[in-house]
Amino acid sequence: MSTNIAKLQEEIKASDALHITSDWLNHTGIEEYFSEELVLTVKASTPIAEICDVLAKNDQVLPFYIEDKNRSIGAAYANGAQDLSDSVLGVQIIDGSGELLNFGGQVMKNVAGYDVARMLVGSKGQLAVITQISFKVMPSQYVGQLKSRPKTVQRSALRTEIEARLKTVFDPRGIFN
């Protein structure tokens, strides 16, 4: 485990409220990449451009649209980049009590209950600190040109209620307000 992660866990355990940025986490790099399996695991602060460069060497791409490739993959995950949740296989987080948790994995089919890794997409870091994300990647010839599609769906009352309930589970002390 990274010393940055251990320090962050201790900060969260000792704190009543935190404002954490990806610069503070400073947790970059590709953790695992199995090109033949089409699976990539990256640390949350890794720039998307760096990920795209590594994938391009094997003629593969992330199968979702991201406008700014200088952003970190964790920022895209937290803000809910378009179609990103369809590609998430697993996630590692630090919850509001400072515990390091893993959800999902590195397999295409996961039947272990709630798909927390996809539910946290777009949570803007208010439920947990994202430390690592696993994605399925695709051969570039299958994906083609990715384009932005304007969002037409507003935040529903059901989604708001689900997020409020998740907050009581992942952030019982209200660290990530």
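**Entry 1**

I looked up Arg 165 and found that, at 55% relative accessibility, Arg 165 counts as exposed; I take exposed as over 50% relative accessible area, buried as under 20% and partly exposed as in between, with a 1.4 Å probe and protein chains only. The model is predicted, so I noted that local features need pLDDT of at least 70 and side-chain atom pairs count only at pLDDT 80 or more, while totals for chains, interfaces and linings use all residues. Residues are numbered from 1 along each chain as its sequence is written, and side-chain values use heavy atoms, with hydrogens and water left out.

Which residue forms a salt bridge with Arg 165? I found Glu 161, with the closest N and O atoms 2.8 Å apart, where a salt bridge is a side-chain nitrogen of Lys or Arg within 4 Å of a carboxyl oxygen of Asp or Glu. Arg 165 and Glu 161 are four residues apart in helix 7, so about one helical turn separates them; helices here are DSSP runs of H or I with at least four residues, strands are runs of E with at least two, and both are numbered from the N terminus. Glu 161 counts as partly exposed at 39% relative accessibility.

**Entry 2: a surface patch**

In helix 7, which covers residues 157–170, I also looked up Ile 162, which counts as partly exposed at 40% relative accessibility. Together with Met 119 and Leu 158, Ile 162 forms a nonpolar patch on the surface with about 270 Å² of accessible area. Patches are made of residues with over 30% relative accessible area and no salt bridge, with nonpolar side chains (Val, Leu, Ile, Met, Phe, Trp, Tyr) joined within 5 Å and like charges within 9 Å; accessible areas come from the Shrake-Rupley method with a 1.4 Å probe, and for residues only the protein chains shown count as cover.

**Entry 3: the hairpin**

I then turned to strand 1 (residues 30–34) and strand 2 (residues 39–43), which pair in the antiparallel sense over four bridges, pairing being assigned if DSSP finds at least two bridges between two strands. Ile 30 has Val 42 of strand 2 as its bridge partner, and among the four residues between the strands of this hairpin I noted Leu 38, which takes a positive phi near 60°.

The structure holds two salt bridges, and one of them joins Glu 31 to Lys 43, with the closest N and O atoms 3.8 Å apart. Because Glu 31 lies in strand 1 and Lys 43 in strand 2, the pair ties together parts that are 12 residues apart in sequence. Glu 31 is partly exposed, with a relative accessible area of 40%.

**Entry 4: helix 3**

Which residues of helix 3 (residues 48–56) are buried? I listed Ile 48, Ile 51 and Leu 55; seen down the axis of helix 3, these fall within an arc of 60°, so they line one face of the helix, the arc being that of the directions from the helix axis to the C-beta atoms. The face turned away from the buried side carries the exposed residues Asp 53 and Ala 56. What covers the buried residues includes strand 1, strand 2, strand 3 (60–61) and helix 4 (73–79).

**Entry 5: Ser 15**

Last, I looked up Ser 15, which sits in the loop between helix 1 (3–14) and helix 2 (22–25) and counts as buried at 11% relative accessibility. Not counting residues up to four places away in sequence, Ser 15 touches Arg 173 and Ile 175, a contact meaning heavy atoms within 4.5 Å.
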